[in-house]
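Me: I would like to learn how to read the helices and the sheet of a protein model, one feature at a time. Could you show me the structure and begin with the terms?

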Amino acid sequence: MMNFNETIFYQIYALSFGSGDSKILGDSEQVGDNPASNFCQRVKDWIPHIKAAGANAIYFNPIFQSDNHGYDTQDYYTLDRRLGTNTDFEELCFTLHENGLAIMLDGVFNHTGRGFFAFRDLEEYREDSRFRNWYCNVDFQGNNSYDDGFSYETWGGHDLLPKLNLYDPEVRNYHFDTVRFWISEFDIDGIRLDAADVLEESFMRD
């Protein structure tokens with residue numbers, strides 16, 4: 001069990017780690033197309049440096065499949081294809097733990113990307129979507145910068161990041177199941193709650 005107060009984190013922004021600059025890997029640089037983008041192997045190679053720096057844990061910025069930059073989640077159960085596969089990440093987690101390094105992931109639970117299944121359903125079925133209550137303040141009399149013919153609450157005013165309704169029990173349970181999945185499948189040690197300043201408090205407590 002990771003004791004947060006005794007942990008020194010080495011932070012890795014996964015989508016640009018090892019690329020030589022701050023750019024995000026593009027679709028043309030997926031694992032398999034470009035061996036240099038083999039994220040999981042690069043992290044393994046970096047372990048001696050991380051330990052020499054005095055860290056005993058790694059904090060990964062978003063690694064779930066996303067539409068673009070990581071904070072616009074498309075699939076909470078899949079490692080971003082630009083980083084490898086779930087099996088690759090499972091092997092990486094095992095190696096990190098073998099080397100005494102704890103693992104904390106970024107939990108982007110306040111909002112999703114537009115490619116998330118519930119938002120796609122909302123786009124297609126509109127008022128009849130069974131997921132219309134998954135998002136905050138959906139208004140079919142409004143519009144947005146993507147010209148969907150409806151508006152919705154966002155994070156930071158970015159239509160790319162529709163805000164989830166964390167009061168909805170189904171949404172909450174979906175996220176709790178997400179956390180359970182990453183613990184049971186990858187033995188992660190912690191979750192950082194992104195956008196904690198605007199998350200619903202009882203959701204964070206639960």
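Reply: Let us begin with contact, which means heavy atoms within 4.5 Å. Helices (H or I, at least four residues) and strands (E, at least two) are DSSP runs, numbered from the N terminus. This is a predicted model, in which local features need pLDDT of at least 70 and side-chain atom pairs count only at pLDDT 80 or more, while totals for chains, interfaces and linings use all residues. Residues are numbered from 1 along each chain as its sequence is written, and side-chain values use heavy atoms, with hydrogens and water left out.

Me: Which residues of α2 are buried?

Reply: Buried means under 20% relative accessible area, exposed over 50%, and partly exposed in between, with a 1.4 Å probe and protein chains only. In α2, the buried residues are F89, L92, C93, T95 and L96. They lie on the same side of α2, because they cover an arc of only 165 degrees around the axis, the arc being that of the directions from the helix axis to the C-beta atoms. On the face turned away from this buried side, α2 carries the exposed residues F94 and E98.

Me: What covers the buried residues of α2?

Reply: The elements that cover them include α1 (39–52), β2 (57–60), β4 (73–79), β5 (102–107) and α4 (169–186). Just after α2 comes G100, which takes a positive phi of about 75 degrees.

Me: Which residues are buried in α3?

Reply: In α3, which spans residues 117–125, they are A118, F119, D121 and L122. Seen down the axis of α3, these buried residues fall within an arc of 155 degrees, so they line one face of the helix. Their cover includes β7 (158–162), and α3 is followed by R126, whose phi is positive, near 50 degrees.

Me: What is the order of the strands in the open sheet?

Reply: In general, strands of a sheet pair through backbone hydrogen bonds, either parallel or antiparallel. Two strands pair if DSSP finds at least two bridges between them. Here the open sheet has four strands in the order β1-β2-β5-β8, with parallel pairing. At its edges stand β1 (9–12) and β8 (190–193), each with a single partner strand, so one side of each is left without a neighbour in the sheet.

Me: How many bridges join β1 to β2?

Reply: Four bridges join these parallel strands, β1 and β2, and the bridge partner of I12 in β2 is F60.
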